[in-house]
Amino acid sequence: MPKITFIEDDGTEHAVEAAADASVMQAAMDNLVPGIVAECGGYANCATCHVYIDPAWADKLPAPEEAEEVMIEAAFDVRPTSRLSCQVQVTEDTDGLIVRLPASQTGA
């Protein structure tokens with residue numbers, strides 16, 4: 001199973017295993033990673049699963065589709081590597097992915 005490391009704004013790390021057919025959001029929810037609320041359930045209708053993809057991984061993932069880009073614009077503290085974790089698919093190629101959580105979502 002691919003491994004994903006979620007890093008809270010304060011540096012706390014959560015290394016989890018994720019099913020290869022899940023989204024990064026679902027992997028976080030399944031493993032009780034704080035900071036991923038996912039109010040819309042993964043339909044890219046909110047930004048409560050906003051994350052920052054580690055720069056080393058940003059170009060290795062498929063580019064966001066237009067609907068995701070629109071929702072990201074509504075998120076707090078948007079950065080060049082901002083993504084909606086519900087729109088990032090876990091694959092064998094994402095093994096080792098590093099995802100950072102915005103301070104606005106982790107209570108920092």
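Biologist: Which side chain has a polar atom 2.8 Å from the backbone nitrogen of Arg79?

Modeller: The side chain of Ser82 does, in this predicted model.

Biologist: Where is Ser82 placed, and is Ser82 buried or exposed?

Modeller: Ser82 belongs to strand β4, which covers residues 82–84. Ser82 has a relative accessible area of 6%, and because the cut-off for buried is under 20%, Ser82 counts as buried.

Biologist: Which residues is Ser82 in contact with, leaving aside neighbours within four places in sequence?

Modeller: They are His50, Val51, Tyr52, Ile72 and Asp77.

Biologist: Which backbone nitrogens does the side chain of Thr48 reach?

Modeller: One is that of Ala38, at 3.1 Å. Another is that of Glu39, which lies 2.9 Å from a polar side-chain atom of Thr48. Thr48 itself sits in the loop between α1 (24–30) and β3 (50–53). Its relative accessibility is 18%, so Thr48 counts as buried. Beyond four places in sequence, Thr48 touches Gly35, Ile36, Val37, Ala38, Glu39 and Gln105.

Biologist: How do I read strand pairing, and which strands does β1 pair with?

Modeller: Follow the bridges and note the direction of each partner. Strand β1 (residues 3–7) pairs with β2 (residues 13–17) in the antiparallel sense, over five bridges. On β5, four bridges join the strands, and these run parallel.

Biologist: How many residues of β1 are buried?

Modeller: In a regular strand, side chains alternate between the two faces of the sheet. As for β1, four of its five residues are buried, and the strand is mostly covered.

Biologist: What separates the C-alpha atoms of Leu101 and Glu8?

Modeller: A distance of 5.0 Å, although the two residues are 93 apart along the chain. Leu101 lies in the loop between β5 (97–100) and α4 (103–106). With a relative accessibility of 2%, Leu101 is buried.

Technical notes: Residues numbered from 1 in each chain as written. Predicted model: local features only at pLDDT ≥ 70, side-chain atom pairs only at ≥ 80, totals over all residues. Heavy atoms only, no water. Helix = DSSP H or I, 4+ residues; strand = E, 2+ residues; numbered from the N terminus. Buried < 20%, exposed > 50% of the residue type's maximum accessible area, 1.4 Å probe, protein only. Polar contact = N/O pair within 3.5 Å; in protein donor to acceptor, adjacent residues only side chain to side chain. Contact = heavy atoms within 4.5 Å. Pairing = 2+ DSSP bridges.
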